[in-house]
Amino acid sequence: MALAQSARTHGSSAVAQAHWRTGLCPERCRLPAAMAAPAPGLISVFSSPQELGASLAQLVAQRAASCLEGNRGRFALGLSGGSLVSMLARDLPAATAPAGPASFARWTLGFCDERLVPFDHAESTYGLYRTHLLSKLPIPDSQVLTIDPALPVEDAAEDYARKLRQAFQGDTVPVFDLLILGVGPDGHTCSLFPGHPLLQEREKIVAPIGDSPKPPPQRVTLTLPVLNAAQSVIFVATGEGKAAVLKRILEDQESALPAAMVQPRTGALCWFLDEAAARLLSVPFEKHSTL
């Protein structure tokens, strides 16, 4: 059985001298069912996207088990698209298998943003997850919250907000147990882009965007109030193309970038990076490797 090992270091130059300890995933990211106070962002760096994906899947499985044993007795997960689809499709089914198929009846799955395209379109986040992941996880269709791509973008946002409120009854703002977010080279996350008016949205839980600088232009996105209400948030970034923006967010602390504005009020914030994405960082991080 492979063991994930980790060490605390200041930048990649210290990796070779690291002293290792064993564990299935980063210890400080083994998140409890509820957090009493804000937690600082923990940066975890993995040798490859494959090792990152395996640890991410284990963390999701652990988080799900913890939440299903908690007061709510359910697990609410919000997913982003991009490379996360293939990463989770590869590792999450095996990581969650020990819990048994019955546990998925208490999962609620939503999407952090979505492109307003048909589900069979190559740009549909839900469509990709349906094909590559949901076919392997027995989550009931009624527990998977999606947009209605046949509606105009404003109506699609209102419809998705209604579905969220129904699924999160009792929450003024929907509280996801775990959100998995990506970050673009420009610092965007979900469909929240630098300098866009949606960054100032405080009332809506879901917003339409008709002028996305990244195609396709029409999208539906969770807003910052929902992102910052989550119990746990994990940013995932891989590849050299993300190195510069991660330095701006994590080292230079450019707070105006959308991803930097995600600061859970009472939850935990973690960053899962591969070595290529972390190559410009000199701030402390935990280095992980699988033997």
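## Strands, rings and charges

User: Let's start with Arg 219: buried or exposed?
Analyst: Arg 219 is buried, with a relative accessible area of 2%. Keep in mind that this is a predicted model.

User: OK, and which residue does Arg 219 form a salt bridge with?
Analyst: Asp 113. The closest N and O atoms of the two are 3.9 Å apart.

User: How many salt bridges does the structure hold?
Analyst: 9. One of them links Lys 287 and Glu 275, with the closest N and O atoms 2.0 Å apart. Lys 287 lies in strand S12 (residues 284-290), while Glu 275 sits in the loop between S11 and S12, so parts 12 residues apart in sequence are tied together.

User: Switching to strands. How many residues of S10 are buried?
Analyst: 6 of the 6, across residues 232-237, so strand S10 is largely enclosed by the rest of the structure.

User: Which way do the S10 side chains point?
Analyst: Ser 232, Ile 234 and Val 236 point one way, with Val 233, Phe 235 and Ala 237 pointing the other way.

User: Which strands are joined to S10?
Analyst: Strand S7 (residues 178-181) is joined to S10 by 3 bridges and runs parallel to it. Ile 180 stands opposite Ile 234 there. Strand S11 (residues 268-274) also runs parallel to S10, joined by 6 bridges. With helix H6 (residues 243-251), S10 and S11 make a right-handed β-α-β unit.

User: What stands opposite Phe 235?
Analyst: Trp 271 in S11. Both Phe 235 and Trp 271 are buried. Their ring centres are 4.3 Å apart and their planes are at 10°, so the pair is stacked.

User: How many aromatic pairs are there in the structure?
Analyst: 8. Another one is Phe 111 with Tyr 126, which is edge-to-face, at 5.8 Å centre to centre and 70° between the planes. Phe 111 is in strand S5 and Tyr 126 in helix H3 (residues 125-132), 15 residues apart. Those two also belong to one aromatic cluster with Phe 119 and Tyr 129.

User: What's burial like in S5?
Analyst: In S5 (residues 107-111), 5 of the 5 residues are buried, so this strand is largely enclosed by the rest of the structure. S5 pairs with strand S4 (residues 75-79) in the parallel sense over 5 bridges. S4, helix H2 (residues 84-96) and S5 make a right-handed β-α-β unit.

User: Last one: which ring does the charged end of Arg 74 sit over?
Analyst: The ring of Phe 168, 4.6 Å from its centre.

Conventions
Residues are numbered from 1 along each chain as its sequence is written. This is a predicted model: local features need pLDDT of at least 70, side-chain atom pairs count only at pLDDT 80 or more; totals for chains, interfaces and linings use all residues. Side-chain values use heavy atoms; hydrogens and water are left out. Buried means under 20% relative accessible area, exposed over 50%, partly exposed in between (1.4 Å probe, protein chains only). Helices (H or I, at least four residues) and strands (E, at least two) are DSSP runs, numbered from the N terminus. Two strands pair if DSSP finds at least two bridges between them. A crossover is right-handed if, with the strands pointing away from the viewer, the path from the first strand over the helix to the second runs clockwise. Rings of Phe, Tyr and Trp (its six-membered ring) pair if their centres lie within 6.5 Å; planes under 30 degrees apart count as stacked, over 60 as edge-to-face and the rest as tilted. A charge sits over a ring if NZ of Lys or CZ of Arg is within 6 Å of the ring centre and within 35 degrees of the ring normal. A salt bridge is a side-chain nitrogen of Lys or Arg within 4 Å of a carboxyl oxygen of Asp or Glu.
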